[in-house]
Amino acid sequence: GFHLYHKLPSIVPESCLLILVGLLLGGIIFGAEEKSPPVMNSDVFFLYLLPPIVLDAGYFMPTRLFFENFGTIFWYAVVGTLWNAIGIGISLYGICQISAFGLTDITLLQNLLFGSLISAVDPVAVLAVFENIHVNEQLYILVFGESLLNDAITVVLYNLFKSFCQMRTIKVIDIFAGIANFFIVGIGGVLIGILLGFVAAFTTRFTHKIRVIEPLFVFLYSYLSYITAEMFHLSGIMAITACAMTMNKYVEENVSQKSYTTIKYFMKMLSSVSETLIFIFMGVSTVGKNHEWNWAFVSFTLLFCLIWRALGVFVLTQIINVFRTIPLTFKDQFIIAYGGLRGAICFSLVFLLPPAVFPRKKLFITAVIVVIFFTVFIQGITIRPLVEFLDVKRSNKKQPAVSEEIYNRFFDHVKTGIEDVCGHWGHNFWRDKFKKFDNKYLRRLLIRENQPKSSIVSLYKKLEIKHAIEMAESGMISKVPSSVSLSEYHEGKIKPLSPTEMENMREILTKNLYQIRHRTMSYNRHSLAADANEKQAKEILIRRRHSLRESLRKTNSLSRERPVLAFWLFHRKRFF
């Protein structure tokens, strides 16, 4: 019903309705059995529900935009998370020192731990909201990229402060070990993800005779990267994200079109199911007796989350805008600050707290649930009207033409050359160096050899098939007879071909036809493009290529006939 009634998604995000369904189910269970409903197990969340969502997001992430804005994303994720965690923790500790609120038993380390977990911007909630409002690609990648890296930083800070809380005395070496662990966890997870992504690409290089197992390798190696990173106490989120982005670049070149379609649909199904279960369980787990209410702690937690998030975005943006070619406007900063939605990450982390070390665990659970409900319901519902009111730039769904792509590549080379002449090692310089290294070593090792040698040929094939599909779906080819309509002609109207013509046709097909590489356009999580006209679209492309070959053949025949005619005229003049 949510997707059938087209006006409802523009008013209320799907995550809000799923939480309401969970609240209803939790209330029914609590009323029928007179006990608390089952709480979502944190191990189930981190091992089974979160990986499919991160895999889907990483595999279809626009990598160029991500790496072009990587500095800003890294700045928001690392420095912004530390800013929020320390700011919220110290502010709440100051509130706890007021004896009238009855919170004096909560220590500074416990407040810092709570500040670290409540700072987690949830990618599940961000995806559920931002994909419905269709903001521009740069704004989307900043918020979503920050939420992905932010989770890894949050888990590291959470484990660090949790271990400090369990220590009787904290030495200076423990603090330095925690800072070193902060970087090792993130970098180690990325390296594991890239390594297993390369292994997946190398494996699919030899699967051209057994296409049916190609989707299996994509899911196997991605989940293996997550489990391996968690086994070594590294960041599983960073590992599966890096693995997905690596596989998107190399594995997609090796797998067949049917395998790619299977991967796309199955990945969408897993992420949608996981997202639905997470929000429903969040609503179910809210109803129960595991709560402790304190007006001061809950109210100030919500207030400090909003204040420190806004201050962090505005202060950090003023610093990063100095280094950005296109600075972020005030509207962009406001949407980034307003889009800091909390969700299942902090919800699961707060349930992992040991009650023996944290006697006020129920108070932390209540405060986390209030913050989640406020950000998902209030901010999630009002963000679309705010985007329209502020007139924030929306995303452009138009596919680029061949000329646009060629011009973009040309200007990339020009900017790289300018940076090289000026002696400035910017991102264009490093991107060009990586492309050379990639073409010289990685692609030769990881990608099957029957791919087009020229990047222009590969780009032309990709954009032409997209253009043909758009023509087929828009009905522009309704008057063109297809192979189905041609098969309905009577046999008497078809002139039989001679053996010589059949042999010539076979020779032409053998020399000129090749397997068309079809890249499907990226999909929305709730609406997939129909594939009913793919055969008709390919037929259009084949006809267009046939007309091009005919024109080239006529040109070549004319060029061959002109020297013969000149030779005949020359000898004719000499004879006469």
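**Salt bridges**

Arg360 forms a salt bridge with Glu292, with 2.8 Å between the closest N and O atoms. The pair links distant parts of the chain, 68 residues apart: Arg360 is in the loop between α14 (344–351) and α15 (361–390), and Glu292 is in the loop between α11 and α12 (295–320). This is a predicted model, in which local features need pLDDT of at least 70 and side-chain atom pairs count only at pLDDT 80 or more, while totals for chains, interfaces and linings use all residues. Residues are numbered from 1 along each chain as its sequence is written, and side-chain values use heavy atoms, with hydrogens and water left out.

- A salt bridge is a side-chain nitrogen of Lys or Arg within 4 Å of a carboxyl oxygen of Asp or Glu; by this rule the count comes to eight salt bridges.
- Arg360 is buried, at 13% relative accessible area, whereas Glu292 is partly exposed at 25% (buried means under 20% relative accessible area, exposed over 50%, partly exposed in between, with a 1.4 Å probe and protein chains only).
- Asp105, Glu292 and Arg360 are linked in a network of salt bridges.
- Arg64 and Glu68 meet through their side chains in a salt bridge of 3.0 Å, N to O.
- About one helical turn separates Arg64 and Glu68, because they are four residues apart in helix α3 (residues 63–68); helices are DSSP runs of H or I with at least four residues, numbered from the N terminus.
- Arg64 counts as partly exposed at 41% relative accessibility, and Glu68 is also partly exposed, with a relative accessible area of 35%.
- Asp432 and Lys436 meet in a salt bridge of 3.5 Å, N to O, and are four residues apart in helix α17 (residues 427–446), so about one helical turn separates them.
- Asp432 counts as buried, at 15% relative accessibility.

- Helix α11 (residues 257–286) has 30 residues and should span 44 Å at 1.5 Å a residue; its end C-alpha atoms are 44 Å apart, which agrees.
- The expected span is 1.5 Å times one less than the number of residues.
- Just after α11, Gly288 takes a positive phi of about 160°.
- Pro215 is found in helix α9 and counts as buried at 10% relative accessibility.
- Pro215 and Ile263 are 48 residues apart in sequence, with 5.5 Å between their C-alpha atoms in space.

**Nonpolar surface patch**

- Met167, Ile170, Val172, Ile175, Phe176, Ile179, Phe183, Ile187 and Leu191 make a nonpolar surface patch of about 870 Å².
- Patch residues have over 30% relative accessible area and no salt bridge, and nonpolar side chains (Val, Leu, Ile, Met, Phe, Trp, Tyr) are joined within 5 Å; areas come from the Shrake-Rupley method with a 1.4 Å probe.
- Val172 is found in helix α8 (residues 172–204) and counts as exposed at 57% relative accessibility.

**Second largest pocket**

- The second largest pocket holds about 610 Å³ of space.
- A pocket is an open set of points on a 1 Å grid over the protein atoms alone, where a 1.4 Å probe fits, with protein on both sides within 12 Å along at least five of seven lines; lining residues have an atom within 4 Å of a point.
- The lining has 25 residues, of which Val155, Asn159, Glu230, His233 and Leu234 lie nearest the pocket centre.
- α2 (42–59), α7 (137–166), α8, α9 (214–231) and α10 (236–254) each supply at least two lining residues, and α7 gives the most, with eight.

Note on methods: Patches are made of residues with over 30% relative accessible area and no salt bridge: like charges are joined within 9 Å, nonpolar side chains (Val, Leu, Ile, Met, Phe, Trp, Tyr) within 5 Å. Grid points are joined across faces, edges and corners, and a volume is the space filled by probe spheres set on the points.
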